[in-house]
Amino acid sequence: SEIDQDCTIFSGVTYLGATLINAPKSEAEIHRNMTEVNSISNCVGLKVSVSIPTCSEGFVVLHDASTNATVAHYEVHRILFYARGPANTPDQACFAFTWSHGDSQESAVFHCHVFRCHIPEAVNQVSSCFAKAFERFPASLTGSVTSTVDNSAMVGSVVSDLSANVLNSAEYEFIVSLEIREKMPKNTYSVPRDRGGFKLRCNTDKEVHITVKQTPSATLPTLMIERCFGVLLTPGKVMRQADMQLLDMVSMEYVKLENPPPQAVPTYQITAEWKANDKALEQLNLESQRMDVTVAVDLVIKGIQEPVRFVIETSVVIQPQSELRFIENWLNKKSNLVMRYYLQLKKNVEGNWVVASIDRSEEIAETNTQPSILRFSINNLSKMVRSTSAVSFEQEDSPTDYSSDGDEPLLSGTGEVSKECSKDILDEWKPILQEFERLDSKRPKMLAPLVRLGIPEALRGTLWQKLARVENSTELTEKYRLLITMETKCEAMIQRDIHRTFPAHRFFQDSGGFGQDSLYKVSKAYAVYDAEVGYCQGLSFIAASLLLHMPEEEAFSVLVALMYDYGLRDLYKQGFESLYLKFYQLNRLMKDQLPRLYEHFAQIGVETHMFASQWFLTLFTARFPLYFVYHILDVFLLDGMPILFQVAMTLLSVYEQDLRQLDFEGVLR
């Protein structure tokens, strides 16, 4: 061979030719081309020998059988898919692979190269050699199986149990976990999951993360996973490989533990890339209430003749690309699907270990890892959001105990928010901030998806001002300094409210302290500035949220923008017509999207204004943990009024089943 490489050479092969193929990763399409080429080339073709390398850095080389001259060579890393002919068919002696011609994705042309072995049984050996050549460990993972994990307890094959008894069959238990993460430019974020399935955004690149761990056995040795042969995905519940799409592999490795306990079984971790523009998966870009998806992972386990396939069936909901996630992420921390599998092995007549069966058992429920601050009691949901009328939501005197056991409502201002932020996240935001400086009127292209994931706490003060377009507003700053010297008839109401605004936060706890004084001045300045609205209950909560991120003058400027530019002041105007319109719109949304909850509320006499007044008038800032409050302000400053309905409907949807069990007093006691 003119190419110097470690390889296995197969003689007695006929090259039947190549065809153009539109779906190079579809086994069904490859089989169709294989059948077509094999049927018309039954007596013709080029007799060759095929050289298959032992690693992914090599070439598949074709040599003329009579002259041994090199006919063609194909880089392994550009081979997209390998398939063998189905058993007991005219194509059972055939194999094929698809290869990418072209230097870029735009110019790529895909060919399907088809071969036939003179001895049909030789296809087994050819397939094994291709599987070895496809072992694509990134450089950073080289030797991960042998050098980073102690595999001394793992075996090359099941010969006997731990008591040295010779075996003819063996049963192993595996725990397989599926996580789906959505990709951003420099990070990935876990997709939330609830009883309805994974909540996927359409037209968003994703990663599929699968972990496999063998349950330790008291009698059997531990098996060793050599590599992942492939991760496959398809809409619907199907078991045929021909219907599944092969995903691009990103990584595969055993997870290294710093101080593993003795005889610990390591976890094998696989990551594959799911591209949003994959035409074979277009159905998963269409918004839907619920649909089924099947994921399969093929593992090459040392000593087992064929790949071991674990099949995971799950439900998904396809949401808009702009869908908010933070509410569900905080109220429901579950993101992984964990399943138990039983792998039954047996010896065949040749004495090799093969898969007898793989039985899937029940889903393993994950332990609730929610912080106690978010374990809301639905029986007291009304105490968090209660409003006895559309415009008044007086609170009882707040106790001094700011803790919550989950049965009592959380005091406003509860929950510390750390300003610590990883370098990766700051690097992701850096170009956004730089572009913001260059663009006077337009928002940066990647701003919206990052804001919906949550602005880093350390950047919130700056970005809130940029989103509200009041950064460096000297006009409002000068007005503020004048307004705080003027009098307003609302002073008594403001003084009363500042003592019960964010009582759980140390910045506002001291009567007459700096925090309460700043809150008083900002509230008073707005009451003077907006003579029509003046001061209304609820404004102090919004002002307090701003003061925790910026000085008084800047907080006042953002408050003015929220009220005037975002239309919030319309909710406070005399007669409250705009507020009641919002109640009507929320009512119709409930009727359309949550009909059973709507009917239940109608039957027990719960009206929309009874729970939505405080939500809307305070932008949800009055009775929720601060990290929840801040994220709502993030997206409200991004998208405006529609966020009120998105947040309200998500809260009602999350708690729908519990709310439908309560009577009027239970909901609004």
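In what order do the seven strands of the open sheet stand? The order is 4-3-2-1-7-6-5, and the pairing is antiparallel. Strands (E, at least two residues) and helices (H or I, at least four) are DSSP runs numbered from the N terminus, and two strands pair if DSSP finds at least two bridges between them. Strand 4 (70-75) and strand 5 (79-84) are at the edges with a single partner strand each, so one side of each has no neighbour in the sheet. From one strand to the next, the twist averages 30°.

A word on the source: this is a predicted model, in which local features need pLDDT of at least 70 and side-chain atom pairs count only at pLDDT 80 or more, while totals for chains, interfaces and linings use all residues. Residues are numbered from 1 along each chain as its sequence is written, and side-chain values use heavy atoms, with hydrogens and water left out.

Strand 1 (residues 7-20) and strand 7 (residues 109-117) run antiparallel and are joined by seven bridges. Within this pair, L20 stands opposite H111 in strand 7. Helix 1 (residues 27-40) packs on the sheet, touching strands 1, 5, 6 (94-101) and 7; contact means heavy atoms within 4.5 Å. The direction of helix 1 makes about 65° with that of strand 5, where angles run from 0 to 180 degrees between N-to-C directions and axes are lines fitted to C-alpha atoms, for helices over the stretch in contact. Helix 2 (residues 122-133) also packs on the sheet, its direction making about 155° with that of strand 5.
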